[in-house]
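Have a go at each one before you read its solution.

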Amino acid sequence: MSAQRPTASAHQLVTCLWFTGQAEEAARFYVEAFSGYRPDTQVGAVHRSSIDVAPQGEVVLERGEVLTVDFTLDGQPFVALNGSTEPVPYTDAVSFQVLCANQQEIDHFWTALTAGGGQEVACGWVTDRYGVRWQVVPQVLFELLAGEDQDAAARVQSAMMRMGKFSIEGLMDAAKDAYGAEEE
C-alpha cells in the first residue's frame, strides 16, 4: 500500500469515511455528484491491501482488495476506508453541509445524493445510499436567519422547519413582512 497522504503543508484535517467493501464505489459516487458544480473534485489514489487484514482473527480484507481511496470534494480531502465486514452505521450527529448558490445547485445535489437508494429527510437533510448524512443548504439561508429583523428570521426558520428540500423562493417569501415588503 502506498503511504501517500496530504502533507502538513496541505490539509491538516482529512475526513475518513468507513465502508464495508464499497470504498471505491462510494468515492466515485461522491465525485460524480460534486464534479459538475465543484471544480476541485476528483478521485485520487486507490490503495490496495498488501496483506490479509484480520484484526481479530477474522479476515475482513484480503490481500489485493481496495483498502482506501483518496478523493477530494470541493477541495476538501477525504479517505474512503473498507474497514470491516459488518456495516458501521452513520448517525445524524455528523453530517456534511453542501452550501448552494442557487436553486439549481440545491436540486442537483438533492437528486445526486439521494440517487440509488438515498433518502430525503427534512430541513434540507438527506441520507445517501451509504448512510452518510448531508445538509443541502442555500447560502442565502444564513443571511436570512442572521438579519436584523428577528420577526423575519423567525418566519424564515418556521418555513425552513416545514421543508424537505429547501426552496429559496419559499424562504425569501417567508422573509417578507405581513405587507409583502422585503425586509431590509
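**Exercise 1.** In this predicted model, find out how many bridges join β1 to strand β4, and which residue stands opposite Trp-18.

*Solution.* Start with the pairing: β1 and β4 (residues 76–82) run parallel, and five bridges join them. Now go to Trp-18 and look across to β4, where Leu-81 stands opposite.

**Exercise 2.** Work out the strand order of the open sheet that has four strands, and say which strands stand at its edges.

*Solution.* Reading across the sheet, you get β1-β4-β3-β2, and the pairing is mixed. The edges are β1 (15–19) and β2 (42–48): each has a single partner strand, so one side of each is left without a neighbour in the sheet.

**Exercise 3.** Sort the residues of strand β5 (residues 96–100) into a covered face and an uncovered one, then find the bridge partner of Gln-97 in β8.

*Solution.* Phe-96, Val-98 and Cys-100 make up the covered face, while Gln-97 and Leu-99 are on the uncovered one. β5 pairs with β8 in the parallel sense, over five bridges. Across from Gln-97, the partner in β8 is Gln-135.

**Exercise 4.** Why are the buried residues of α5 on the same side of the helix, and how does α4 pass α5?

*Solution.* First list the buried residues of α5 (residues 168–175): Ile-168, Leu-171, Ala-174 and Ala-175. They cover an arc of only 125 degrees around the axis, which puts them on the same side of α5. In general, an α-helix has 3.6 residues a turn, so residues three or four places apart point the same way. Among the elements covering these buried residues are α2 (103–114), β8 (133–138), α3 (139–145) and α4 (150–162).

Then turn to the helix pair. The axes of α4 and α5 come within 7 Å and cross at roughly 145 degrees, and the crossing is right-handed. On the α4 side, Ala-152, Arg-155, Val-156, Ala-159 and Met-160 make the contact, and on the α5 side Leu-171, Ala-174 and Ala-175 do.

Key. Residues are numbered from 1 along each chain as its sequence is written. This is a predicted model: local features need pLDDT of at least 70, side-chain atom pairs count only at pLDDT 80 or more; totals for chains, interfaces and linings use all residues. Side-chain values use heavy atoms; hydrogens and water are left out. Buried means under 20% relative accessible area, exposed over 50%, partly exposed in between (1.4 Å probe, protein chains only). Helices (H or I, at least four residues) and strands (E, at least two) are DSSP runs, numbered from the N terminus. The arc is that of the directions from the helix axis to the C-beta atoms. Contact means heavy atoms within 4.5 Å. Two strands pair if DSSP finds at least two bridges between them. Axes are lines fitted to C-alpha atoms, for helices over the stretch in contact, and angles run from 0 to 180 degrees between N-to-C directions. A crossing is left-handed if the near helix is turned anticlockwise from the far one by less than a right angle, and right-handed if clockwise.
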